[in-house]
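Student: I have a new model on screen. Can you walk me through the helices and how they pack?

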Amino acid sequence: MVAENSTPHLHSAVEPKQTFRRALDRVARTAMPSLFIVFSAILLSAPFGIPGQAQLQFGIAMCTVWFWTFSRPRSMPALAVFLCGLVVEIFSFGPPGTVLLSLLVIYGVAHHWRYGLSRLGFIAGWLIFSVFAALASFFQWALVCLHALALLSPVPGLFQAALTIGIYPSLTALFVWGRRTFANPDQA
């Protein structure tokens with residue numbers, strides 16, 4: 001007859017021991033999307049002279065928040081979106097608060113619709129993202145016009161929308177690869 005206490009605990013063999021190094025690794029993997037936004041905002045604020053540099057800064061932040069919010073919400077919580085929005089605001093050249101508000105709205109939509117978005121194909125998700133990217137660009141253009149008290153050309157806003165929509169497939173491919181490799185917090 002086998003005593004109950006003589007059998008080894010099965011969970012200790014399955015779950016690795018939580019050490020400080022593993023905890024730090026898990027936090028770093030979870031923070032990868034936020035770090036990507038911060039690094040991109042800082043890098044794109046440098047005067048490289050690239051046409052559309054400020055619009056690219058917004059586009060990268062928006063694509064990153066959209067993808068990671070519905071794909072892995074644990075890696076893009078609301079506080080991280082807010083802090084990333086502040087960093088992008090500090091390094092951006094637009095009216096204050098527009099990028100932050102746009103990122104929080106896109107976060108809210110993606111978080112609220114995450115179950116439906118995860119079941120959609122890429123093209124349908126991209127089309128939905130495109131609508132919100134265009135709305136966010138229009139919102140920024142309208143605030144700039146209001147700030148200037150003049151009706152300005154909508155071309156920069158249209159360019160920002162087109163750039164944001166255009167870089168989404170490339171960033172999605174990068175993020176899918178990253179989600180499977182280095183940005184997976186469940187990976188040991």
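This is a predicted model: local features need pLDDT of at least 70, side-chain atom pairs count only at pLDDT 80 or more; totals for chains, interfaces and linings use all residues.

Student: How many helices and strands does the protein chain have?

Tutor: There are 9 helices and 0 strands. Helices (H or I, at least four residues) and strands (E, at least two) are DSSP runs, numbered from the N terminus. The order of elements is α-α-α-α-α-α-α-α-α.

Student: What share of the residues counts as buried?

Tutor: Of 188 residues, 38% are buried. Buried means under 20% relative accessible area, exposed over 50%, and partly exposed in between, with a 1.4 Å probe and protein chains only.

Student: And what share of the contacts joins residues at least 24 apart?

Tutor: It is 75%, taken among contacts between residues at least 6 apart in sequence. Contact means heavy atoms within 4.5 Å.

Student: Let's do helix pairs. How do H3 and H4 cross?

Tutor: The axes of H3 (residues 32-44) and H4 come within 9 Å and cross at roughly 175°. The two helices are therefore roughly antiparallel. Axes are lines fitted to C-alpha atoms, for helices over the stretch in contact, and angles run from 0 to 180 degrees between N-to-C directions. Under 35 degrees counts as roughly parallel, over 145 as roughly antiparallel, 65 to 115 as roughly perpendicular, and the rest as oblique.

Student: Which residues make that contact?

Tutor: From H3, they include Pro33, Phe36, Ile37 and Leu44. From H4, they include Leu56, Ile60, Thr64 and Trp68. By class, the contact of H3 with H4 has 11 nonpolar, 4 polar and no charged residues. Ala, Val, Leu, Ile, Met, Phe, Trp, Tyr, Cys and Pro count as nonpolar, Asp, Glu, Lys and Arg as charged, and the others, Gly among them, as polar.

Student: Thr64 is in that list. Buried or exposed?

Tutor: Thr64 is buried, at 0% relative accessibility. Leaving aside neighbours within four places in sequence, Thr64 is in contact with Pro33, Phe36, Ile37, Met76 and Phe175.

Student: What about Gly59, where does that lie?

Tutor: Gly59 is in H4, and it is buried at 0% relative accessibility. Not counting residues up to four places away in sequence, Gly59 touches Thr164 and Ile167. Gly59 and Gln160 are 101 residues apart in sequence, yet 7.3 Å apart in space, C-alpha to C-alpha.

Student: Next pair. How do H6 and H8 cross?

Tutor: Helix H6 (residues 98-112) and helix H8 (residues 122-148) have axes that come within 10 Å and cross at roughly 155°. That makes H6 roughly antiparallel to H8. On the H6 side, the contact residues include Thr98, Leu101, Ile106 and Val109. On the H8 side, they include Phe132, Phe139 and Leu143. By class, this contact has 8 nonpolar, 3 polar and no charged residues.

Student: Which residues does UniProt annotate as "transmembrane region"?

Tutor: The unreviewed UniProt entry gives residues 27-48, 78-110, 122-146 and 158-178. UniProt positions are in the numbering used here, feature names are shortened, and annotations may be inferred rather than shown by experiment.

Student: How much helix is in residues 27-48?

Tutor: That span is 77% helix and 0% strand, with its end C-alpha atoms 32 Å apart. Residues 122-146 come to 100% helix and 0% strand, and there the end C-alpha atoms are 36 Å apart.

Student: Where is Leu149 found?

Tutor: Leu149 is in the loop between H8 and helix H9 (155-180). Its phi is near 55°, a positive value in a residue other than glycine. Leu149 is exposed, with a relative accessible area of 75%.

Student: And Leu158, buried or exposed?

Tutor: Leu158 is exposed, at 56% relative accessibility. It lies in H9. Leu158 and Ala134 are 24 residues apart in sequence and 7.6 Å apart in space, C-alpha to C-alpha.

Student: Last one: which helix holds Val27?

Tutor: Val27 is in helix H2 (residues 20-30). At 54% relative accessibility, Val27 is exposed.

Notes. Residues are numbered from 1 along each chain as its sequence is written. Side-chain values use heavy atoms; hydrogens and water are left out.
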